[in-house]
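Please keep the sequence and the model in view while reading.

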Amino acid sequence: MRIIVHNAKCQGHARCWAQAPDIFNLNDEGYILPGDIDVEEKDELLASRGARSCPERALEIDCS
Ligand code: F3S
């Protein structure tokens, strides 16, 4: 699974990080770092919870 990060939509809510701090990395201002995230199978539940928690829909789940 992959998380596609839409940086322009991030408003720094940090809910993704609160759910999965080892998967979602934020910068010093609390915004998600650029670059899509490859998620290992064991982390998929946590990663999808984090992605779905973003109120700005900045984190798109790609299962293809
Ligand atoms: Fe940004 Fe959404 Fe996370 S606004 S910091 S991607 S919860």
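Buried denotes under 20% relative accessible area, exposed over 50%, and partly exposed in between (1.4 Å probe, protein chains only). The model is predicted: local features need pLDDT of at least 70, side-chain atom pairs count only at pLDDT 80 or more, and totals for chains, interfaces and linings use all residues. Residues are numbered from 1 along each chain as its sequence is written, and side-chain values use heavy atoms, with hydrogens and water left out.

**Sheet**

- Three strands form an open sheet in the order E2-E1-E3, with antiparallel pairing. Strand E2 (37–38) and strand E3 (59–62) are at the edges, each with a single partner strand, so one side of each lacks a neighbour in the sheet.
- Strands are DSSP runs (E, at least two residues), as are helices (H or I, at least four), and both are numbered from the N terminus. Two strands pair if DSSP finds at least two bridges between them.
- Strand E1 (residues 2–5) pairs with E2 over two bridges in the antiparallel sense. In E2, Ile37 is the bridge partner of Ile3, and Asp38 is that of Arg2.
- E1 and E3 pair in the antiparallel sense over four bridges, and Ile61 is the bridge partner of Ile3 in E3.

**Helix H2**

- The buried residues of H2 are Ala47, Ser48, Gly50 and Ala51. They lie on the same side of H2 because they cover an arc of only 160° around the axis, the arc being that of the directions from the helix axis to the C-beta atoms.
- These buried residues of H2 pack against E1, helix H1 (15–19) and E3. Contact means heavy atoms within 4.5 Å.
- The face of H2 turned away from its buried side carries the exposed residues Leu45 and Arg52.
- Ser48 belongs to helix H2 (residues 44–52) and has a relative accessible area of 11%. Residues up to four places away in sequence aside, Ser48 touches Met1 and Ile61.

**Nonpolar core**

- The largest nonpolar core has 15 residues, and those with the most contacts inside it are Ile3, Ile23, Phe24, Ile32, Ile37 and Leu59. E1 and H2 each supply at least two residues of this core.
- Such a core is a set of buried Ala, Val, Leu, Ile, Met, Phe, Trp, Tyr and Cys residues joined through side-chain atoms within 4.5 Å.
- Not counting residues up to four places away in sequence, the contacts of Phe24 include Ile3, Ile37 and Leu59, as well as Ala47, Gly50 and Ala51.

**Helix H1 and cysteines**

- Trp17 lies in helix H1 and is partly exposed, at 43% relative accessibility. Neighbours within four places in sequence aside, Trp17 contacts Phe24 and Leu26.
- Cys16 is buried, with 8% relative accessibility, whereas Cys63 is exposed, with a relative accessible area of 62%.
- The structure holds zero disulfides, a disulfide being a pair of cysteine sulfur atoms within 2.5 Å. The sulfur of Cys63 is 17 Å from the closest cysteine sulfur, in Cys54, and is therefore too far for a bond.
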